[in-house]
Amino acid sequence: MKYDENSIQEFSQGDIMLHPDRVHGVRAVDSEKDLAEILANHKWPLCMGFEFDDFLYLNDGDREDTPEYASLKIDDVDGLMVTAREVGRIKPLGMEVSKVSGFVQDMRAGRWSTSGPLRLKAEPDWHHSCELCEFRED
Ligand SMILES: [Zn+2]
């Protein structure tokens with residue numbers, strides 16, 4: 001995949017993750033329906049992410065009460081380092097599952113504009129812990 005000057009410009013304009021340094025614990029999801037339900041009906045730690053069909057959906061919000069997910073198309077995976085481009089954002093909590101499904105479909109169909117490539121660190125969720133999800137007493 002080649003990047004044209006426009007996508008580099010978008011990258012410099014800041015159309016990128018709010019928390020690119022966050023290390024996410026990522027869980028693979030088997031179906032679009034499961035993913036939509038997971039995002040619409042549950043709160044997750046701020047470092048939680050989901051992978052479905054070569055896309056990452058990473059919690060990029062500031063509070064667990066108001067999750068905001070960045071959708072990223074995966075270009076390359078090298079160990080725990082992922083190269084990906086942000087393609088959309090969604091605040092799914094409380095949305096109808098069908099609407100979240102529609103968002104996921106739009107991502108998969110390529111109905112998005114892309115940012116420049118980002119390098120992110122992601123781990124399997126069962127292998128992950130950090131200060132955002134450890135020792136929580138709520
Ligand atoms: Zn964590």
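## Overall fold

Buried residues account for 31% of the protein's 138 residues. The model is predicted. It contains three helices and six strands. Along the sequence they run in the pattern α-β-α-β-β-β-β-α-β.

Contacts reach across the chain. Taking contacts between residues at least 6 apart in sequence, 57% join residues at least 24 apart.

## Nonpolar core

The largest nonpolar core has 22 residues. Within this core, Leu35, Leu56 and Tyr57 touch the most other members. At least two core residues come from each of these elements: helices H2 (32–41) and H3 (97–109), and strands S2 (48–52), S3 (55–59), S4 (69–78), S5 (81–90) and S6 (117–124). H3 gives the most, with four residues.

Setting aside neighbours within four places in sequence, Leu56 is in contact with Val26, Gly49, Glu51, Leu72, Ile74, Val82, Ala84 and Ala122.

Most residues other than glycine have a negative phi.

Asp53 lies in the loop between S2 and S3. Asp53 counts as partly exposed because it has 14 C-beta neighbours inside 10 Å.

Asp54 is also placed in the loop between S2 and S3. Asp54 has 12 C-beta neighbours inside 10 Å, so it counts as exposed.

How values were computed. Residues are numbered from 1 along each chain as its sequence is written. This is a predicted model: local features need pLDDT of at least 70, side-chain atom pairs count only at pLDDT 80 or more; totals for chains, interfaces and linings use all residues. A residue is buried if 20 or more other C-beta atoms lie within 10 Å of its own, exposed if 12 or fewer, and partly exposed in between; C-beta atoms are placed from the backbone. Two residues are in contact if their C-beta atoms, placed from the backbone, lie within 7 Å. A nonpolar core is a set of buried Ala, Val, Leu, Ile, Met, Phe, Trp, Tyr and Cys residues joined through C-beta atoms within 7 Å.
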